[in-house]
Amino acid sequence: MASSYSLAPSISSLSHGRAGLRNHFTFFSAPLTRSAIFLHPILPRQSPNRRPTAKVTALFTEQESSTKPAAPPPPNLPFRIGHGFDLHRLEPGYPLIIGGVNIPHDRGCEAHSDGDVLLHCVVDAILGALGLPDIGQIFPDNDPKWKGAASSVFIKEAVRLMHDAGYELGNLDATLILQKPKLSPHKQTIRANLCELLGVNHSIVNIKAKTHEKVDSLGENRSIAAHTVVLLMKK
């Protein structure tokens, strides 16, 4: 025969007022049969610290690796663009070499190599276009091998890497920024020497020179900087 269960507070407990109500709850249940208690068997509780077996772990790893897309092959781009920038402090007692040309001045670039700001940023522009590490990583300034080295060595290596990658120079545009000395008398010599180092026609190399309007270290003749943009074209 079915049994009926009811859980309810006694009348006396309700007489305790709000405190009694906070401590008691009223539950009403439909009549239950004894057999109804066994309709849902109690499952054993799994430990939260239980780890999957090695077999399961291997399965998930295999699934994960199979869903990862394969890395695409490197693009065969018809052209690449690179930008280079360099800046050096000017100090007495050093030669001022720009584009491989020694420029008469009372100060020169303090650097580990010859401090050629133009050639350094041209190298970085070519390396950047190729997606390679910069000049400081390929020719580190803490390597005694490059102490006082001519920057033409760096240019030749950048050109070799460019040709090995199947590219040639489309054009180059460089801007030199310095307050002194005036570069107008030396621009064509610098340009011609740079073209020779790159092995290109002078028509694809352009060099500009600007002052910094006496602003900050560049304008106060305490430093020199250069920007270069290159276009590399597939052979």
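Which residue in strand 7 does Asn171 stand opposite?

A: Asn171 stands opposite Leu231 in strand 7. A word on the source: this is a predicted model, where local features need pLDDT of at least 70, side-chain atom pairs count only at pLDDT 80 or more, and totals for chains, interfaces and linings use all residues. Residues are numbered from 1 along each chain as its sequence is written, and side-chain values use heavy atoms, with hydrogens and water left out.

Now the strands. Helices (H or I, at least four residues) and strands (E, at least two) are DSSP runs, numbered from the N terminus. Two strands pair if DSSP finds at least two bridges between them. Strand 5 (residues 167-177) and strand 7 run antiparallel, joined by ten bridges. Strand 7 (residues 223-234) also runs antiparallel to strand 1 (residues 79-91), with eleven bridges between them. There, Phe85 stands opposite His227 of strand 7. In a regular strand, side chains alternate between the two faces of the sheet.

Next, the rings. The structure holds one aromatic pair. Phe139 and Phe154 form this tilted pair, 4.5 Å centre to centre with 35° between the planes. Rings of Phe, Tyr and Trp (its six-membered ring) pair if their centres lie within 6.5 Å; planes under 30 degrees apart are stacked, over 60 edge-to-face, the rest tilted. Phe139 lies in the loop between helix 5 (135-138) and helix 6 (152-164), and Phe154 in helix 6, so the pair ties together parts 15 residues apart in sequence. Phe154 is buried at 3% relative accessibility. Buried means under 20% relative accessible area, exposed over 50%, partly exposed in between (1.4 Å probe, protein chains only). Phe139 is buried too, at 11%.
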